[in-house]
Structure formats: C-alpha cells, structure tokens
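The following exercises concern one protein model with its ligands. Please work through each task before reading its solution.

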Amino acid sequence: MSTPDNDVLLRVDNLVKYFPVKSSGYFQKKEFVHAVDGVSLSVRRGETFGIVGETGSGKSTLGRSIARLYDITAGSITFDGQEISQYSQRRMRPLRRQIQMVFQDPMGSLNPRRRVGSIIGDPFAIHGLATGAERKRRVQELMERVGLNPEHFNRFPAEFSGGQRQRIGVARALAFQPKLIICDEPVSALDVSIQAQVINLLADLQAEFGLTYIFIAHDLSVVRHVSNNVAVMYLGQLTEIAPADDLFTVARHPYTGALLSAVPLPDPDLSERREQIILVGDVPSPIAPPSGCRFHPRCPKAAPVCVSTIPVLEPKLGDKPAHVAACHLPMAQGENLADFHPTIAAAQRVIEGGGLLSGDEAEVSTVAAEALATSDTPQPEGRRQ
Ligand SMILES: Nc1ncnc2c1ncn2[C@@H]1O[C@H](COP(=O)(O)OP(=O)(O)O)[C@@H](O)[C@H]1O
Ligand code: SF4
Ligand SMILES: [Mg+2]
C-alpha cells in the first residue's frame, strides 16, 4: 500500500481514533472507546468506496476522521498527495472544500432558520466565488441540477420533504466543488422509493463531475448497488475489502457472510434456500474489544487460534490482491455458515482488551498509546464545521 499512485485520491494507513470515556471508580482509570483501530484503505479517483457494518462499528468516526472533523489518535491520511493527518485547522481550511460530507439527517445539518438559497449559496460566499445576482443564478442552477424547484430558493428547510432536504445537502456539498464526498448513511432515513432517487442522483452527479465517493451504510444491499469496492467494518477494524462483485459472490469473512445472509436475493427461490445467519450475542464493548479476531465471540467458525492470534487482512484462497479478508478460517465458495459450530467453549470466547495481545495488535496499540500519551488533554469531540 505504500507505492505512490496518481489514481489514488485517498490513502489511509493504520488510522486509529480513540475517544476518552469518563471512568468510574476511585482510581479513575483512563478508558478509551476504540472507535477506529488500525484501518488502512485506499480510494481511487472517480470510484465509490462503500463502507458497511453494524451500528457502532466505527463507520461514522472513520468518515469524520478522514474529513479531519476529528483529530486522530494515530495513523496517516494522504489526500490528493498531501499527508493531512496532522494539519492544523488553518492548514486544513483550503482542503475543507475538497472533502465534503453528506449526513444521514439533513435536518440536523441544515440551519432551520436560514433560507435554502443562503444555505446552498454559502460556499460561494465563503470562497468568494460569486456574489449577488451571479450567486443566486448559480444556486438556482444547482437546485435544478439536484432536482429541486429553483423557485423555492426562499423557502426554509422545514418546508421540504426528507428526500428534498437530502437534495439540499447534496447541492450544498456540490457548491464547494469537492473532490471527495463522504456520504454517511445518506439514504438510511428515507423511504425506500426515495432512497433510489437520491442514489440515482448521486450516481449521475458522479459521472458528470468526476466525483469520488465514500459511501457509508449499515445496509449491504444499498452499498452493493453503488460501490466499486466495499470494505466491511467490525468493532473499529476492517474485516474484508473487495471489489463489490467479488464480495457478493465469494465473501471470505464469516461476518460478511452473516451480513449477506440477511440481504434479500432478487430470486425468491434462491432466497428461500439460503438461511439467514442470525448473529448471536451483542456487539462487544469497543472499550475492551475481544482479543485475537474481534469477531470471535459471535463467529460460528471460531476456533482457539481466533482467540489467541490476530488475523491479517490479506488475500485468501487464491483471491486476487484487491480482495482481502482478516480471518484464520476463511469461507470457501459454496460453504454454508449455518453448518458450522465454534470449536471453543463459550467461556473461552471473550477475553477482553489487553489480555492476549500479539503481533500487529500489540503494535497498533503501542502506536496509539504513544500518540495518546503525547497528545494534549482530550479534544472536545464535536463536529467542527
Ligand atoms: N464523540 C464520541 N465520544 C465517545 N464515543 C463515541 C463518539 N462517537 C462515537 N463514539 C463511539 O464509537 C463507536 C463507533 O461509533 P460510530 O463511529 O458512530 O459507529 P457507526 O457509524 O458505525 O454506527 C461507538 O461505540 C460509539 O458509541
Ligand atoms: S478469524 Fe476465526 S473468529 Fe474470526 S472470523 Fe475467522 S473464523 Fe471467525
Ligand atoms: Mg454512523
């Protein structure tokens, strides 16, 4: 992952983001939520890179860390050739417009007391791109482009439907003429019929403006339709990355397999024949993640090695280099997860944080710990835009 490549717009190496948590008890031991814990990925220009995983797996934290809405704990972020992970707010300013975010809840990210024309027109004002009548013309052009009625320039966000508000969010992001748009569950709050419209709009805009997207969702079926490559995230780490078609035909990681089993297939016969794998147990605490493979307490294939040793994210069973999975016992094609049972006792399965660190995890943890030790007092963790 270290060779320079002009096709790559974003490269993330070993990104770590821990949040300090208030601890109880007399000694006030410092604890951290391991929200993102050693993530590496690269996103090529013009592609859509999907990130999928259950709620709480760290997807939003990863997206916001990449956009540098958070200071990160450790790791590096190279955007368009610049290593931005340690940039100050001032140095980030010219780059802010190039990395935009579209959020799940457009209402939460749009000021309810401002008219839509001013909201979408902000970027023109902030960057001195257009004023007066020219600004109004460009805002109305954008409104039309995203499927809003330009006559509604003077309306307030509350006067629009959920789908229309998401279009406002997209128009505002577009006004900055970004290179990368991080869409964080952009359609999760919308009705299914409206979801398709917004997804189609994003796809059209991508083709027209050569945009690159990171598309975050908890629902694999949404990610499947839009992504060139997909990364699966679990408890702060990536468990599998693959070209979308490969992931949906041969998932190697049992977690991907379990997520996929919940996605309805277009062919009802096939859908009926396939069993849905219900993941047992809750997602463990990201404050003290399980040792070895973090998925081991819930994995139908878990074996002793999964508790003791961290699996490396690498091609499995002859897969091409773009398809990597972090699993000691990857699934072969046609294998049915429902046929498996863990070969370790339940009591052996959860060994919480720090017990059995080995190899890479020890290294990531050391890097993170050093970074935490040298950082100032914890930053307030709000959105900074
Ligand atoms: N600002 C924060 N302070 C403390 N913990 C946080 C904060 N934001 C997220 N977390 C925790 O980090 C973990 C990952 O959260 P998040 O990135 O929102 O996951 P996802 O987007 O996949 O649902 C969760 O355990 C969540 O509670
Ligand atoms: S490494 Fe072990 S516990 Fe983890 S996904 Fe693979 S088989 Fe399951
Ligand atoms: Mg989220």
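**Exercise 1. The four-stranded sheet**

In what order do the strands of the open sheet of four strands lie, and with what pairing?

Solution. The model is predicted, so local features need pLDDT of at least 70 and side-chain atom pairs count only at pLDDT 80 or more, whereas totals for chains, interfaces and linings use all residues. Residues are numbered from 1 along each chain as its sequence is written, and chains are lettered from A and ligands numbered from 1 in the order in which they are written.

Step 1. The order is β2-β1-β4-β5, and the pairing is antiparallel. Strands are DSSP runs of E with at least two residues, helices are runs of H or I with at least four, and both are numbered from the N terminus. Two strands pair if DSSP finds at least two bridges between them.

Step 2. The edges are β2 and β5 (82–83), each of which pairs on one side only.

Step 3. Between β1 (residues 8–21) and β2 there are 11 bridges in the antiparallel sense. Val-21 has Glu-31 of β2 as its bridge partner.

**Exercise 2. Helix α4 and its partners**

Describe how α4 packs against α6 and against α5.

Solution. Step 1. Two packed helices are described by the angle between their axes and the distance between the axes. Axes are lines fitted to C-alpha atoms, for helices over the stretch in contact, and angles run from 0 to 180 degrees between N-to-C directions.

Step 1. Helix α4 (residues 116–126) packs with α6 (residues 162–175) at about 20 degrees, the axes being 7 Å apart. The two helices are therefore roughly parallel (angles under 35 degrees; over 145 is roughly antiparallel, 65 to 115 roughly perpendicular and the rest oblique).

Step 2. The α4–α6 contact involves Val-116, Ile-119, Ile-120, Pro-123 and Phe-124 of α4, with Ile-168, Ala-171, Arg-172 and Ala-175 of α6 (residues are in contact if their C-beta atoms, placed from the backbone, lie within 7 Å). By class, eight of these residues are nonpolar, none is polar and one is charged. Ala, Val, Leu, Ile, Met, Phe, Trp, Tyr, Cys and Pro count as nonpolar, Asp, Glu, Lys and Arg as charged, and the others, Gly among them, as polar.

Step 3. The axes of α4 and α5 (residues 132–145) come within 9 Å and cross at roughly 115 degrees, so these helices are roughly perpendicular. Gly-117, Ile-120, Gly-121 and Phe-124 of α4 meet Arg-135, Lys-136, Arg-138, Val-139, Leu-142 and Met-143 of α5. This contact has five nonpolar, two polar and three charged residues.

**Exercise 3. The two ligand shells**

Which residues are closest to ligand 1 and to ligand 2?

Solution. Step 1. Ligand 1 is surrounded by 13 residues, the closest being Phe-19, Ala-35, Lys-59, Ser-60 and Thr-61 (C-beta atom, placed from the backbone, within 6 Å). Helix α1 contributes the most, three residues. The classes are four nonpolar, seven polar and two charged.

Step 1. Ligand 2 also has 13 residues around it, with Cys-293, His-296, Cys-299, Cys-306 and Cys-327 the closest. Here nine are nonpolar, three polar and one charged.

Definitions and conventions:
Contact = placed C-beta atoms within 7 Å.
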